[in-house]
Every structure is written in C-alpha cells, then in structure tokens.
Amino acid sequence: METDVLGPPYERHTIDLGSDDEGPVIATLVRRRADRPARRAVLYVHGFVDYFFQTHLADFFVERGWDFYAIDLRKYGRSLLPHQTPNFARSLSDYFPELDEAARIIREQDGHEQMLVAGHSTGGLITALWSHARSTNGWVDGLFLNSPFFDFNTSWLVRRPLMSVVVGMNSRNPYRQIPAATLGLYGESLHSDHRGEWTYDLAWKPILGFPVTAGWLHAIRRGQARLRRGLAIKAPALVACSARTFHGKEWTEDVRVTDAVLDVDHIVRWAPMLGRHVTIARFDGGLHDLTLSGKDVRADVFRELGQWMDAYVPPPGTPETPVPTAPEDDADDKSRTTA
C-alpha cells in the first residue's frame, strides 16, 4: 500500500492484471481503515465514466466500524493508462479477476470476516453478476446496489432489436465509437464548476462522459440479458434508486432531483431477478448516484442503508433472532393435543 491521491488516511494498492490487446492492464484498490481494528469491510465499485472520490461514503462506513475499500476497475480512474481506451471492456466478466483479488486481500490478507459489496450503476450490474458467479465462495455477505444499470434508458425498440443490429454490424470492430447521448446534464448537476457541489478529476470523470464503444455496448447488453434470466445471489441485497427519471434534453431544475441517466422503473422491474432476498428502496429527490444527491436526500439514503445493514448484515457472532411459531402451526398443535 502507498498513499492515495486523496491523501491520508487513504492508501492504494496496484493490482497487476497482465496485458491485453492494448498493453499492460492494472486495477487500483483504495483502502481506508476504521479507527479501531475491524472484522468487517465494504468493497465499493464505481459506475461508468466514474472512479472513487466519494470520501463521505467512506466516512459513513468507517464511523460504523467498517474498513472501507474501493476499486478503480481496469481502464477507469486511477487505473486508466495512457495507451488504453477509457472504460473499454469486451465482457463484464473481464472485471472478475480484480474483484477476485480485492476479495482475497480483504478476506485473507487483511483478515476480515464479513464483506459488504456496494456497486453503483454499471458497478451495480458488474457486482451482481460477480456475486452470482462467486456465490459458492461465501465472500459476499450483503449487496448494496445504488441505481444499478439493469437496462438502457431508451425505448424497447432501441434497446432490444436496434441495439442488436448495431452490435452485430460492429462485432469485428469492438473499439468503434457508437453515437450516444452524452452525460452532460448529469455531469453539470454534480461538479462544482457547473451546477453541483462536488469536486473531482474531470480527466477521469469528464462532464460529457467518454465515447461509447461497440465492445462495451455488447458487454453491457450480455450482462443485462444474463440478469433478466435470473441470478441466484444468496446474500441479501438492497437495491436503491430515485423515485423519478428525468426525460428531458435541456437543463431544468428537475435534473437536480431525478435520475438523469437511467429509467428507475427498469431498476425496480429487474431487481427481483437478483435472488430470493431483495429489498427495494426509492428516494424522492435522488440523483443517479444517490450518495451525491442533495444533503437531505443523501441523509435519508444513509439512514435507510444503516437500518438495512443492522437488520441483514449484523456483526459476526450476533445471535439469530428466534422465529416465532406461525399461527396455523399453533392451531394444528392444539387440535392434535385435543384429539
């Protein structure tokens, strides 16, 4: 570990992932320790055109006694190298090696007994697929998905048949850029140089976003299709999103209080496909990244997250709450006794 760009108490570790067709590949694991030795840790995974900079999210977990880890995936943020196409992937399973290594470090090297995985947007889709693929390992004790990228925010005609045609036409050129709507309005709502309150590196998270490539588009579509077939994640999951979607193309104040990236109804529709134990929470006034919403909204988000964690991801060794007998079972017992 070495000191991170955020400065102490943040540290970072570079994960060597070998090479691909563009050259050397790395991922970067950021760590912040709790004030006291912790047996529990959270692993945060960012979204598309994103990286970890949300130190107030780390504050929330550290103050609750969790060690905090965040990973900048290959070709994102701290891990983006000069020779690479930003955010490019051919398959979402490309990210599994760095998630495996992060989990190994958290569980084995640093000795944590419990791990909560938190994923935002594309990171929410990636972590869901990874949690399903690694369900037999027992690594994931809980899953918090913040506006996960479960579907494209377009009409059915565009996101199904037309995208299939576009991907098929460009299957031999995965690096080809595909025309797509920019993230400009959302970016303006976040950054302090525009209409937001947050400061972050615009080289790693540009206001307009990075170009969409055919390979990335194909990877996302395959990942979403796998989700729609149903996953079998054993850990409890909290899926959170805004109450409303912004559908306009010009700035209005509604951009500040809605999801301007994804259709929140898609998130709610596909959330039950994660597994048998899914909680859905919607927040009026929430942005796409709920933790970057206005002060009152993000306070509600953290309050809900804290209550969910207490209920479904209690500290190791917490006694199980006795399950009361169902009323019909009591009635059967009495009838048998009377007979």
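Biologist: How many of the ten residues of strand 3 are buried?
Modeller: Nine of them are, so to speak: strand 3, residues 23-32, is mostly covered. Keep in mind that this is a predicted model.

Biologist: Okay, and which way do strand 2 and strand 3 run?
Modeller: They run antiparallel, and eight bridges join strand 2 (residues 11-20) to strand 3. Thr14 stands opposite Thr28 in strand 3. The two strands make a hairpin, with two residues between them.

Biologist: How many bridges does strand 3 have with strand 5?
Modeller: Five, and that pairing is antiparallel, with strand 5 covering residues 67-72. If you want a spot to look at, Val30 stands opposite Ala70 in strand 5.

Biologist: Switching to helices. Where does Thr127 lie?
Modeller: In helix 3, which covers residues 122-133.

Biologist: Buried or exposed?
Modeller: Thr127 counts as buried because its relative accessibility is 0%, and the cut-off for buried is under 20%.

Biologist: What is Thr127 in contact with, beyond its neighbours within four places in sequence?
Modeller: Val45, Val117, Gly119, Leu143 and Leu145. There's also a polar atom of the Thr127 side chain 2.8 Å from the backbone oxygen of Gly123.

Biologist: Last one: what span does helix 6 reach from its first C-alpha to its last?
Modeller: It reaches 21 Å with 15 residues (214-228), close to the 21 Å expected. Its buried residues include Trp216, Ile220 and Leu227. Just after helix 6, Gly230 takes a positive phi of about 100°.

Terms used
Residues numbered from 1 in each chain as written. Predicted model: local features only at pLDDT ≥ 70, side-chain atom pairs only at ≥ 80, totals over all residues. Heavy atoms only, no water. Helix = DSSP H or I, 4+ residues; strand = E, 2+ residues; numbered from the N terminus. Buried < 20%, exposed > 50% of the residue type's maximum accessible area, 1.4 Å probe, protein only. Polar contact = N/O pair within 3.5 Å; in protein donor to acceptor, adjacent residues only side chain to side chain. Contact = heavy atoms within 4.5 Å. Expected span 1.5 Å × (residues − 1). Pairing = 2+ DSSP bridges.
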